[in-house]
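Subject: Structure handover

Hi,

My notes on what turned up in it follow below.

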Amino acid sequence: MGGNKSYSPPPYIPLDQADAEAPQVSTAEENQQSKNDDHAQWSSGICACFDDPHSCFIGLLCPCFLFGKNAQFLGSGTLMGSCTTHFILWALFNTICCFLTEGILLGLPGCFVACYACGYRKSLRSKYNLQEAPCGDFATHFFCHLCAICQEYREIRERSGDSNSSDLSLVAVTAPQVQKMETPANE
């Protein structure tokens, strides 16, 4: 979401209420209501993965890496430590539960990773004073874990002021310049 910082999601309309019956709120009233709330809006929605296809692709194929990048930015751990913990909770437990229970308890590991990940989402929300949306932190990670870590990455990148570059690569190591030692001239 490069540059569009004034995005706010549409208002909630209950299922039993038709669109025509929904109360129309002017933009000025919406701004006043958002100023009255203490919490800021997320810069992108939970399902806005196609706004940033690169992080969406990484989050789908290797969510532990994207989760590790988020944790590293929040200062809650190292990239490899958080990535490894996420991998163990997500992939290893999923595989073990699937094989041991013949697929019956496939969703059980999601509970473990949601417990672990919701703490990071809560610290991100407190750092940027964000609202708890679309639902609680645990429920967001339990039902939409991959979308949640992609949203958290987009939020970190947007709020850190580096919305154009994608920091999903490993650290590039460059060799130092060639140095020469000279012996002092005898005088």
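His 86 sits in helix α4. Is His 86 buried or exposed? His 86 has a relative accessibility of 1%, so it counts as buried. Leaving aside residues up to four places away in sequence, His 86 touches Pro 63, Cys 64, Phe 67, Ala 91, Val 113, Tyr 116 and His 145. Two of these neighbours come up again: Phe 67 and Tyr 116 form one aromatic cluster together with Tyr 120.

Please keep in mind that this is a predicted model.

The overall picture is quick to give. The protein has six helices and zero strands. Read from the N terminus, its elements run α-α-α-α-α-α. Of the 187 residues in the protein, 31% are buried. The protein exposes about 12,500 Å², and carbon and sulfur atoms supply 61% of that area. Take the contacts between residues at least 6 apart in sequence: 67% of them join residues at least 24 apart.

Back to helix α4, which spans residues 79-100. Ile 88 lies in this helix. Its relative accessibility is 37%, so Ile 88 counts as partly exposed. Ile 88 also belongs to a nonpolar patch on the surface.

Next, the aromatics. How many aromatic pairs does the structure hold? There are five aromatic pairs. One of them is Phe 138 with Phe 142, a stacked pair with 5.8 Å centre to centre and 15 degrees between the planes. Both residues lie in helix α6, which covers residues 137-159. They are four residues apart, about one turn of the helix. Phe 138 has a relative accessible area of 34%, so it is partly exposed. Phe 142 is partly exposed as well, with a relative accessible area of 34%.

Phe 142 has another partner. With Phe 143 it forms an edge-to-face pair, at 5.0 Å centre to centre and 90 degrees between the planes. Phe 143 is exposed, because its relative accessible area is 65%.

Now the backbone. Which residue has a positive phi although it is not a glycine? That is Asn 129, with a phi of about 55 degrees. Asn 129 lies in the loop between α5 (108-128) and α6. Its relative accessible area is 36%, so Asn 129 is partly exposed.

Last, the cysteines. The structure holds zero disulfides. Cys 118 is in no disulfide: the nearest cysteine sulfur belongs to Cys 115 and is 6.0 Å away. Cys 118 counts as buried, because its relative accessibility is 18% and the cut-off for buried is under 20%. Cys 144 is in no disulfide either, with the sulfur of Cys 147 as the nearest cysteine sulfur at 5.6 Å. Cys 144 has a relative accessibility of 31%, so it counts as partly exposed.

Best wishes

Notes: Residues are numbered from 1 along each chain as its sequence is written. This is a predicted model: local features need pLDDT of at least 70, side-chain atom pairs count only at pLDDT 80 or more; totals for chains, interfaces and linings use all residues. Side-chain values use heavy atoms; hydrogens and water are left out. Patches are made of residues with over 30% relative accessible area and no salt bridge: like charges are joined within 9 Å, nonpolar side chains (Val, Leu, Ile, Met, Phe, Trp, Tyr) within 5 Å. Accessible areas come from the Shrake-Rupley method with a 1.4 Å probe; for residues, only the protein chains shown count as cover. A salt bridge is a side-chain nitrogen of Lys or Arg within 4 Å of a carboxyl oxygen of Asp or Glu. Helices (H or I, at least four residues) and strands (E, at least two) are DSSP runs, numbered from the N terminus. Buried means under 20% relative accessible area, exposed over 50%, partly exposed in between (1.4 Å probe, protein chains only). Rings of Phe, Tyr and Trp (its six-membered ring) pair if their centres lie within 6.5 Å; planes under 30 degrees apart count as stacked, over 60 as edge-to-face and the rest as tilted. A disulfide is a pair of cysteine sulfur atoms within 2.5 Å. Contact means heavy atoms within 4.5 Å.
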